[in-house]
Amino acid sequence: VPLIANHDYDGEISKIGDTVNIRKRPNVDIKDYVIGQDLVPQASLADEQIQLTIDYADYFDVPINDIQRFQTDIDFATVVLDEAGKALSTKAEARVLQSIYTSATSTVSGGTLTAATVVQMVLQCALKLNKLKVPKADRWMLVDPTTSYLLQLSDLKAAYLTGESSTPLRDYRALDKPIGGFQVYECLNLLTTSTTAKCIGGHKDAFCFASQINDTETIRNQNDFGDLLRGLNVYGFKVTKPDAMVLLDVTG
């Protein structure tokens with residue numbers, strides 16, 4: 001999520017319940033100019049805001065037994081903190097990605113993707129965004145492992161990718177370079193079943209995300225010989241530009 005979202009507001013939150021007011025870019029009217037006619041100012045410049053609420057919080061609370069700590073040859077608390085950080089990130093990312101796709105203005109029904117059709121579906125996603133005048137810079141796409149596998153099996157020597165029409169690519173992985181203008185990432189936290197996947201493409205302005213590790217502390221465990229290592233992560237997210245996001249709905 002930090003790679004694809006607008007996260008300019010991380011420093012403005014400290015606890016669950018905080019809100020961030022995000023000012024939308026204004027619409028500017030463009031008029032025909034005629035020599036000799038008075039200029040007519042725009043009636044007003046709307047000051048629209050979107051409110052991002054920090055309404056999610058996840059925590060860990062892990063006992064570290066004194067004997068367990070003394071007998072190990074590693075810094076057990078450091079390992080626990082490292083794994084907890086990864087787990088917190090995974091849970092937050094899954095919550096975000098399995099929610100925001102429902103707000104996408106555009107949908108491409110990928111059906112049962114194959115190595116022969118997968119690039120075409122990605123290009124259709126790009127076309128949807130192009131028609132809505134979404135900027136071409138900073139575009140991203142998240143795909144599930146199966147779609148990623150098909151992309152890497154597909155014929156990626158086409159001129160729109162490499163400028164070569166006949167020379168086979170060598171030592172090339174599909175996810176290393178943009179495809180159809182998207183920087184593609186394989187993601188394990190999309191909404192998937194055994195036969196479906198909700199892959200998402202978009203621009204970095206499509207949604208915003210703010211997160212803060214609220215607290216990490218170690219206290220003595222009142223019920224055992226050892227410590228309790230615990231931490232809290234608070235975060236929130238908001239789709240700000242639905243037009244800048246497209247759902248690639250894969251089935252079969």
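Predicted model: local features only at pLDDT ≥ 70, side-chain atom pairs only at ≥ 80, totals over all residues.
Visitor: Why is cysteine 187 called buried?

Guide: A residue counts as buried when its relative accessible area is under 20%, and cysteine 187 has a relative accessibility of 7%, so the label buried applies to cysteine 187.

Visitor: What makes cysteine 199 count as buried or exposed?

Guide: The relative accessible area of cysteine 199 is 0%, and because buried means under 20%, cysteine 199 is called buried.

Visitor: How do you know how many disulfides the structure holds?

Guide: The structure holds zero disulfides, a disulfide being a pair of cysteine sulfur atoms within 2.5 Å. For cysteine 187, the nearest cysteine sulfur belongs to cysteine 199 and lies 9.3 Å away, and cysteine 187 is in no disulfide. For cysteine 199, the nearest cysteine sulfur is that of cysteine 125, at 8.5 Å, and cysteine 199 is likewise in no disulfide.

Visitor: What makes strand 4 and strand 10 a pair?

Guide: Two strands pair if at least two bridges are found between them, and five bridges join strand 4 to strand 10, which covers residues 245-251, so these two strands count as paired, and they run parallel. Within this pairing, serine 106 stands opposite valine 246 of strand 10.

Visitor: Why are strand 4 and strand 6 called edge strands?

Guide: The open sheet is formed by five strands in the order 4-10-7-5-6, with mixed pairing. Strand 4 (106-111) and strand 6 (183-186) each pair on one side only, and they are the edge strands. From one strand to the next, the twist averages 20 degrees.

Conventions. Residues numbered from 1 in each chain as written. Heavy atoms only, no water. Helix = DSSP H or I, 4+ residues; strand = E, 2+ residues; numbered from the N terminus. Axes fitted to C-alpha atoms, helices over the stretch in contact; angles between N-to-C directions. Buried < 20%, exposed > 50% of the residue type's maximum accessible area, 1.4 Å probe, protein only.
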